[in-house]
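Colleague: Could you take me through the side-chain pairings and the helix packing in this model, with the cut-offs spelled out as we go?

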Amino acid sequence: MLEKKKITNLIMLMQQDIHEYELKYHGEFAENPHVGLGNKKTRCVNEATLPIITCHPSCVNKCADTCYVINIMTYPRPNCRRCQARNTVLRRIDPYRYYDFFYKEAERMNLPIRLSDGGDFEDAVQVQACIAAAKRHPMVQAIGYTKRVELLSEFRDAPANLHIRYSTWQNDDINTKTATDLGFNLSTVVYDGSGNCPYQISLARFRKHKVAIAKELRADGVDAKTANRMAEKKTESLVTVHHCKNCALQMCGCFKDGTDIRFNVV
């Protein structure tokens, strides 16, 4: 898990990345956003923006150090961080064009979309842009998890192919009740690898297996950098595609025709 000092340094790097892309684009949607396919087992199009920077302010102190996206992608992979920054700036410039691009790509590849694989919606305009794209591409299923309780009411006109869940956590009773009263399903965020949040479970188990494999490789004389790279590759073989437990058992509306939208380590 990342230390607070490393998180502070990471935030500075992300802010620098944003500034560089803002200077590059000068307010114009000058190129297409990065479409992430991620681990091939996810079988979905990943729409990722910067974590922390675009997340709800409460996330910085609550879950930044255990965030799957930060620990697995943003911090150890500068190229991933820059792709997230690029998407963040392009979405701010023209959210309608931004989301329509992802839906077109998902439609072309016949894949669902994992919205906000990193980060979150930032404002109501982005939400409306996502809804508009979902309506224009009714055959594309998309799922997103948000902590922006203040934006949930904007999803009242969302079509059936856009699945949004509110991410709740301990002592979040007021916001959780608001989300429930508005009719949203919940995803419970935890920080120790227990509970039903796929990313937190993934992070805990991924790291456990990776550390064990890397340790064995180093004991056999493999240098640390190579051992970590090999361990990560081997650990990916432990990832199995499915949705949350309730979805897998009850075939709830989060996926369609057996096509999973999110992955987890089992």
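Modeller: This is a predicted model in which local features need pLDDT of at least 70 and side-chain atom pairs count only at pLDDT 80 or more, while totals for chains, interfaces and linings use all residues. Residues are numbered from 1 along each chain as its sequence is written, and side-chain values use heavy atoms, with hydrogens and water left out.

Colleague: Which residue meets K177 in a salt bridge?

Modeller: A salt bridge here is a side-chain nitrogen of Lys or Arg within 4 Å of a carboxyl oxygen of Asp or Glu. With 2.8 Å from N to O, the partner of K177 is D181.

Colleague: Are K147 and D172, which also meet in a salt bridge, buried or exposed?

Modeller: Their side chains meet at 2.9 Å, N to O. Because K147 lies in the loop between β3 and β4 and D172 in the loop between β4 and α7, the pair ties together parts that are 25 residues apart in sequence. Buried means under 20% relative accessible area, exposed over 50%, and partly exposed in between, with a 1.4 Å probe and protein chains only. At 7% relative accessibility for K147 and 7% for D172, both count as buried.

Colleague: At roughly what angle do the axes of α5 and α6 cross?

Modeller: The axes are lines fitted to C-alpha atoms over the stretch in contact, and angles run from 0 to 180 degrees between N-to-C directions. Helix α5 covers residues 95-109 and helix α6 residues 124-136. Their axes come within 8 Å and cross at roughly 40°.

Colleague: How many disulfides does the count come to?

Modeller: A disulfide is a pair of cysteine sulfur atoms within 2.5 Å. The sulfur of C55 is 4.9 Å from the closest cysteine sulfur, in C59, and is therefore too far for a bond. By this rule the count of disulfides is zero.

Terms used
Helices (H or I, at least four residues) and strands (E, at least two) are DSSP runs, numbered from the N terminus.
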